[in-house]
Amino acid sequence: MRRTMRRLVDKHPPPPGSVRQLTAAPPRVNERADTCALCRQPVAAREGILLRNARGSTEARHPVGQCPPRPPRTNDFAQACGRCGGWLEESEGILYQAVPASPGPYGKALIKARHPQECPPPEERVAPPPRANGREQDCMLCGHLVAAGAGLLVRQDAGWEVRHHDGKCPPPEELWEIQRGVPGRYRTRPERWAPAGTVLRSTLYDYRHPFPDAPGFHRVREGEVSAIITTVRERRPEYCRDEDGNQPPELLGMDGWYFRILVRPATAEEAADILAEEDKQQRRAALATRRRRLFEWGDDGEVPETVDLSGAVQVDFGALRSLHQHWPDDGLHVDQQAGVAWFMRYNGADGDDWSLNNHGSFIARRMPLTEERTQLVADLRAEYTPGDAPA
């Protein structure tokens, strides 16, 4: 490279005389008003310079070091002053950096509004207007539901509570509260456990608020009753995560939704279906006890070698088959003319002694149809009529 440069200098010697120094051309003056590309403030005509940016286009700027300081920005929405707490309406204050940006690529500064000059004395500061609730919630004073926009939002410690306007709380209701826990994963919108108007039997506590003698009422123990109730409304559900066992009793050791439902005593009409179902369950439980005593555990029967069911009629006693049961139900057959009853017990499962079977996979026990057994058969037929599903 040195040899090439020497050869070119010898071939093209510099002209005689003084050397002329070449410098950059002075910046052009803006001929029209524009916006400074650095501070984004107006630049009057012929008061700025034109420079070419990295994209190759020309942009106006203030002369170097002559950008004016930026004017303070006003607040775009009403808020409290970050210094004195007085209320500032829209565009009444100026924005300032209350907390500097935290280190890191995603750190952001906390921007608040303040008074343009000195903050006024405490007696001259404007109190913030009351905030309306954006969604329905229970009143912190009376417990009634407050519709969205009809109440006040009040700061309580680290959270917000809703209450009625002064003097607007309705009279207290005769309501009680029950709790339910539903284990499961978090969902943005949990399903309601019991919509308003649901009628059910539930256990509740009445230490401080005695429960009346309503339909289906009975006391379990001191301070705890069981009654048929009607749901009125639910409080806002909470999702509870198990942290060192600090869960409600309904979700102890589990993650899930915690529901609190306000209820009232059910009326006689509302409780009629549940009371009828409970009466049916009690009747059928009593019939099952009598059937086990007279047929399954009866000691006056015999197991013959052959079984004759030609004149017998099967009697339904509401046998229940488990979801995991793959064998037939036990059966009861009655021959009224012969005065004989046959109780069929299934004996074909693994571990059973199949040599005892005398009717397929069943052990058929024949026993006399006594007066007590005849009355039980009549009661079973009256309870489990054709078309009635077993309870």
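A salt bridge, as I use the term today, is a side-chain nitrogen of Lys or Arg within 4 Å of a carboxyl oxygen of Asp or Glu, and by that rule the structure holds 20 salt bridges. Please keep in mind that this is a predicted model, in which local features need pLDDT of at least 70 and side-chain atom pairs count only at pLDDT 80 or more, while totals for chains, interfaces and linings use all residues. Residues are numbered from 1 along each chain as its sequence is written, and side-chain values use heavy atoms, with hydrogens and water left out.

Let me begin with a sheet. Helices (H or I, at least four residues) and strands (E, at least two) are DSSP runs, numbered from the N terminus, and two strands count as paired if DSSP finds at least two bridges between them. Four strands make an open sheet in the order β21-β22-β23-β24, with antiparallel pairing, and its edge strands, β21 (313-314) and β24 (362-368), each pair on one side only. Between β21 and β22 (residues 331-335) there are two bridges, and glutamine 314 has histidine 333 in β22 as its bridge partner.

Next, what lies across β22, β23 and β24? Helix α2 (residues 268-296) does, running at about 100 degrees to β23 (340-346), where axes are lines fitted to C-alpha atoms, for helices over the stretch in contact (heavy atoms within 4.5 Å), and angles run from 0 to 180 degrees between N-to-C directions. Helix α3 (residues 371-383) lies across β21, β22 and β24, at about 115 degrees to β22.

Phenylalanine 295 touches several residues beyond four places away in sequence, including Leu332, Phe343 and Arg373.

Arginine 373 also meets aspartate 300 in a salt bridge, at 2.7 Å from N to O. Because aspartate 300 lies in the loop between α2 and β21 and arginine 373 in helix α3, the pair ties together parts that are 73 residues apart in sequence. Arginine 373 is buried, with a relative accessible area of 4%, whereas aspartate 300, at 37%, counts as partly exposed.

Terms used. Buried < 20%, exposed > 50% of the residue type's maximum accessible area, 1.4 Å probe, protein only.
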